[in-house]
Amino acid sequence: MNRYHFSMRASVGLIILLMGLLGVLLAVTTGNVYQRFVLDNQREIFEDLADIKVNLILSETIQSTADLGMSIQASEELRKVFRERDGGKINAYLHDQFHQFVVSASLLKLMQVYALDKDFAVVGYADEDGGRYSPRDMPCRGLLQQARQREGYSRLKILSGLCASESGARVAVIVPLGGLRMEGYLLLGVDPTPNLVHVEEEMGMPLRLLFANGGLAYVSEEWNALPGQENLLFWRYSLTGMSGEAVYDFHFSADMAPLYAKLDETRQIMFLIAALSTFLAMAVSVVMLQKSALDPLARLTRHLRRVRKDKKHLGEKVTVKGSQEITELSERFNEMSSELHVLYKTLERMAYTDMLTRLPNRAVFYDRLGQAVHMAQRQNTPFALMVMDLDKFKWVNDNLGHHVGDKLLREIASRLKRCMRKSDTVARLGGDEFAALLPGILEYEDSRHMADKILEHVAQPLYIDGHDLSCGVSIGIAHCPVHGADGDLLMQRADVAMYHAKNQRQGFMIYEPRLDEHSLNRLDLERELETAIGNGHLEIHYQPKIDLREGKVIDVEALIRWRHPLRGYLLPEQFIPRIEQSNLIHRMTQWVFAHALRDCASWHARGLMVGLSINLSRRNLDDTRIIDLAKSLLSQHGIEPAWLSLELSESVMVADSDRVSQVLEGLHGLGLRLAVDHFGGGHFSLASLGRLPLEEIKIDQAFIHKMCHGNSETMLVRSMIDLAHNIGLKAVAKGVETPQARDQLLEMGCDRAQGFLFCVPCGFEDMTAWLEKRLSQGPQVMPRQS
Amino acid sequence: MLGKSGIRPVIRWGCLCMILAMLIPLPALSAHMPETAADVAVVDAEGLIDLVVGQEHAMVVDTRLQSDYVRGHIDGAINLPNTETDCRSLSRAVPRLSKPIVFYCNGTGCERSAESIRIARACGYEHVYWFRGGFEEWLAKGYPYLKQ
C-alpha cells in the first residue's frame, strides 16, 4: 500500500484550499437558497404592494363614487322631485347623471343609481342603458341590509362596499339624500374594473384580471407577449368583497431576468472574493507557517544532520524563534541534546576506556595500532609494540582476593603510564595483560631502554591493603616494520616474545623469528585441544599404586594422554600448563571424570574392586561446580565416594584462599580422599599439611630417581616419609623403577609406591587385564578415608 | 458713530422689547377664544345635526376660506370666511338676529370660527353656536360632506 507523505506546507495549503472550495460550495448553495429566498421575498413584496395599490385604487373609486353621490343628492331639483316622489322626474334626473364629467370622462363607470326613501324603498332608478328597475340587479344587497340596521346619527354616514355580481363586480355606495335633514338615500353602483386595471401601470408589470366566477375581466397585451417562462415570476392577489367573498383574482407576472443577472453578478463577485480570500489565507498561512514552524524546524533538522555527521555537535544549543510549540520543542530538543551529549560521552568513555585502570581498552589500542601501521606504510614511520603480562598476578588474585588484584592492576597501570611518553599509548588488553604502542622507535636499543624502565618501575614494592607485594612483568617487543607491517602479525609476534620472556624469566624479549616454532605450537594448542575433546583424541592411561608391604593394589591413577594426529602422544606436562590458563581446563576435567569413573564402574562391575585416583588442576578448585560434578558422576555410576581419590599438585596446596579451602572441604565432605602430588618439588606451606583433610602425600619422582644414586636425596626422602607419618598421612613414592629403590623405600617405612617397576601406564583394556591378573592373587579392600 | 459702551444698552432694550412683543398677543388671543361662555353654546357634530334637524331656520356657517370650502364642507353650510365677516355680510346671510347660527372652521386649532362668533355676537345675534371640533371632527366621525 502506497503511503503519501505531504510536507507541512503542502498539508496546510491543501487544507486551506479545501476550506476555500468548501467556502465556494457554501457560497453556491447559499446563493441558490438565497435566490429562492429572494424570489419568495419578492413575491411577498409584490403581494403587499399589490394589496396597497389595489386597495388604494378601490378606496379612490369609492371616494369618487361617494363624491358623485353627494354631488347628485345636493341638487335642489332632485330634492324637490324626491319630496314630491315624482318617479318619472326622479328617474329622468338620475339618468342625466350618467353624463356628468366623471362618468363621461370614464373616470368612473357608473352602472346604476337608485333613489331610496328612508326605509330604503326604491323611489327612483336609472342605469347606463336606460333600463328599468329590477330588484335582481340591485348591487350589494348586503350593504342595503347593513344600512337598514343603522340607527341614530350613523344613518347619516356614507356606506360602501365591494361585492361580486352576476356581471362581474360592483362597488356600491349609499349616501344620504337631503343633507343633514336627511330625506332618503342614493345608492350608486359602479363597475370598478376600469379603475382597478390601472394597477398594471402602478405595479409596472403585466396583469391578467379575473372575476371570481372565472370570467376574464382584463388582460394586458404584454401578458400575451411574455417570453419563455424560465425567468418569469408568476403570482396572484385575491381581492375580497365586503362579505369576505372573492371578487377579483389579480394575476401578475414579473420578469426576473434582471434579478437573476444581478444574482449571477453577485455570485461571481462572491466567487472572486472567496478565491481571493482563499489565496490570501493560503499565502498568509504559508508565510506564517514558514516563519513560525518550518524555518525553525528546518534549522533543527539541519542541526540533527550536523550531529549525525559529526557527534561533536551533540550538546550544542540551537536557538530558534517561532510559535510557542516550536520554541518549547527546541528547548526540549536542546535539553535532550545535552543529555545525549553526556550519555554519548559516557558511552564513548565506556566503549574506549578500561573502566578499572582508566587506560584505553583493547578496541582503542587495536584502532591506534591500525593507524600506526597505516602511518608506517605511508610515511615510513617506525614504531615499537610491547605486550606485557604481569607475573604472579594470578597468585595475588587467587590468594589475596580480587579487590587486591584490582588495586594492583590500577597501580601497575599508573606506573606504566608514568613510563610512557606523551605520544605513546598504553592500554589494558584484558586480565593482567597490557600493551603499549611506542611511535618513532626504530632501534632495538631504544625499546630495550623503555622495557628496562618499565621493569624497573613495575618492580618497585607495592603496599596494598596491608600486603607487601612485588610484581614482575614480562614484556614482548615487536618492531614495525621490521617484524611485520600488519597489526595482527605484530601483536602475535610481540605475544610470542612475551611468552618466551615469561618462560625464560628474562623480563623482556624482542621478537626473533626463531621463536615462531614454539609459539605456533602454543598458540594452536587451545584450538587443537578443543577439537581433540570432540574427536576423541584424548585418552586415559592408568597406573596402579601398590601397597609396599602387602603388595596389594590400592588404586589406579588416571593419567591423561593426547593422541595428537601430527605430534603423537603428548604428555600432560606438555599441554596442561597452557590449558590451565584457559577455560578448557573445566571441560577437560569433566571429560576425565566422566571417562575414568565410567572405567572404574566397569571394573567394579567385573569384580575388580580397585580405587581410582584423578589429578585436579589448581583452576578446578576455583569453582564449587567440581563438587557437584564429582557427586553426580559417582551417583550416576554407583561408585562409593571412598573409591575415589583426588590428587592435588603441591602448588594447589600453596593456595591459601577461602575458595580453595571451601572446595576441598566440600570434596572431603563427599567422602573422597585427598592426596598431595609431586610433594617436595616446589615450595609448600607445611602448615597446610596439618590443616587440609589429606590422606597421603606423593613424593616427587625426581627424589626417588636421585635417591638411588646419592645419599642426600635418600635423607630427604626419609625425612618426607617421616613427616607424613608424623602428621598421620601415608607416604607414596612415585617413579619406582627398580627393585632396589622399592626395597630401600620399604626399609624407610614408605607405605605405597607407583612406578614402572609395578606397571607402566596403559590403556583401559591393558589395565583391566593387568588388574584381573593381579587381583586374582588376592582380594582387594576398599581404601579407607583417613 | 456709537462706541462699544453705546451698543450694549441698545441690544438690551431691543431684546426686552422683543420679549414683550411676544407676550402681549397671548392674552388678546385667549380673549377671542372662549372655551365656554354663557352667551356662546359649544356643540359637537351630533349637537350640530340635532340643531339643524330640530330648528328649521338654523344656519351653519363655514368660516374657512373659500378654497377650503370647495374641497369639502358640511352639507347645507354657507361659506362666510371670517375675513369677510361683519354685521353687513352676516345680515345678508342671516337677516334675523334671533335665528340660530352654528359657526365652524377647520378644528380646535382654528381661530376663524371664534372670530366670526365674536363679530356675530357684536352684531347682536342672539343664538350663536360654536362647533368647536370643526371640519376635522366631522370627517373623523365619518359624516358625509359635500364638495363643490
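The legends below describe close-up views of a predicted model.

**View 1. The open five-stranded sheet of chain A.** In chain A, 5 strands form an open sheet with the order β11-β12-β10-β15-β16 and with mixed pairing. The edges are formed by β11 (425–430) and β16 (508–510) of chain A, each of which pairs on one side only. Strands of a sheet pair through backbone hydrogen bonds, which may be arranged in a parallel or an antiparallel manner. Here strand β15 (residues 472–480) of chain A runs parallel to β16(A), to which 3 bridges join it, and A:I477 has A:I510 in β16(A) as its bridge partner.

**View 2. Helices α14 and α15 of chain A against the sheet.** Helix α14 (residues 444–459) of chain A packs on the sheet, where it touches β10 (383–391), β12 (433–439), β15 and β16 of chain A, and its direction makes about 160 degrees with that of β15(A). Helix α15 (residues 487–503) of chain A lies across β10, β15 and β16 of chain A, and runs at about 145 degrees to β15(A).

View 3. Helix α25 (residues 739–748) of chain A has A:A741, A:R742 and A:L745 as buried residues. Seen down the axis of α25(A), these buried residues fall within an arc of 100 degrees, and therefore they line one face of the helix. The buried residues of α25(A) are covered by elements including α23 (701–707), β24 (730–734) and β25 (752–754) of chain A, whereas the face turned away from the buried side carries the exposed residues A:P739, A:Q740, A:D743 and A:E747. After α25(A) comes A:G749, which has a positive phi near 90 degrees.

**View 4. Nonpolar cores and the surroundings of A:A115.** The largest nonpolar core has 59 residues, and those with the most contacts inside it are A:A115, A:V173, A:I174, A:L186 and A:F250. Helix α1 (residues 8–73) of chain A supplies the largest share of this core, namely 8 residues. When its neighbours within four places in sequence are left aside, A:A115 is in contact with A:F82, A:I90, A:L94, A:V123, A:G124, A:L177, A:G184 and A:L186. Another core, of 55 residues, lies apart from this one and has A:V556, A:A558, A:L621 and A:V717 among its residues.

**View 5. The contact of chain A with chain B.** To this contact chain A gives 13 residues and chain B gives 11 residues. On the side of chain A that touches chain B, the elements that give two or more residues are α1 and β4 (168–177) of chain A, and α1(A) gives the most, with 3 residues. By class, this side of chain A has 8 nonpolar, 2 polar and 3 charged residues.

View 6. A:Y260, in helix α9 (residues 257–309) of chain A, counts as partly exposed because it has 15 C-beta neighbours inside 10 Å. A:Y260 and A:N231 are 29 residues apart in sequence, with their C-alpha atoms 7.8 Å apart in space. A:R691, found in helix α22 (residues 686–691) of chain A, is exposed, with 12 other C-beta atoms within 10 Å. A distance of 9.5 Å separates the C-alpha atoms of A:R691 and A:S661, which are 30 residues apart along the chain.

How values were computed. Residues are numbered from 1 along each chain as its sequence is written. Chains are lettered from A and ligands numbered from 1 in the order in which they are written. This is a predicted model: local features need pLDDT of at least 70, side-chain atom pairs count only at pLDDT 80 or more; totals for chains, interfaces and linings use all residues. Helices (H or I, at least four residues) and strands (E, at least two) are DSSP runs, numbered from the N terminus. A residue is buried if 20 or more other C-beta atoms lie within 10 Å of its own, exposed if 12 or fewer, and partly exposed in between; C-beta atoms are placed from the backbone. Two strands pair if DSSP finds at least two bridges between them. Two residues are in contact if their C-beta atoms, placed from the backbone, lie within 7 Å. Axes are lines fitted to C-alpha atoms, for helices over the stretch in contact, and angles run from 0 to 180 degrees between N-to-C directions. The arc is that of the directions from the helix axis to the C-beta atoms. A nonpolar core is a set of buried Ala, Val, Leu, Ile, Met, Phe, Trp, Tyr and Cys residues joined through C-beta atoms within 7 Å. Ala, Val, Leu, Ile, Met, Phe, Trp, Tyr, Cys and Pro count as nonpolar, Asp, Glu, Lys and Arg as charged, and the others, Gly among them, as polar.
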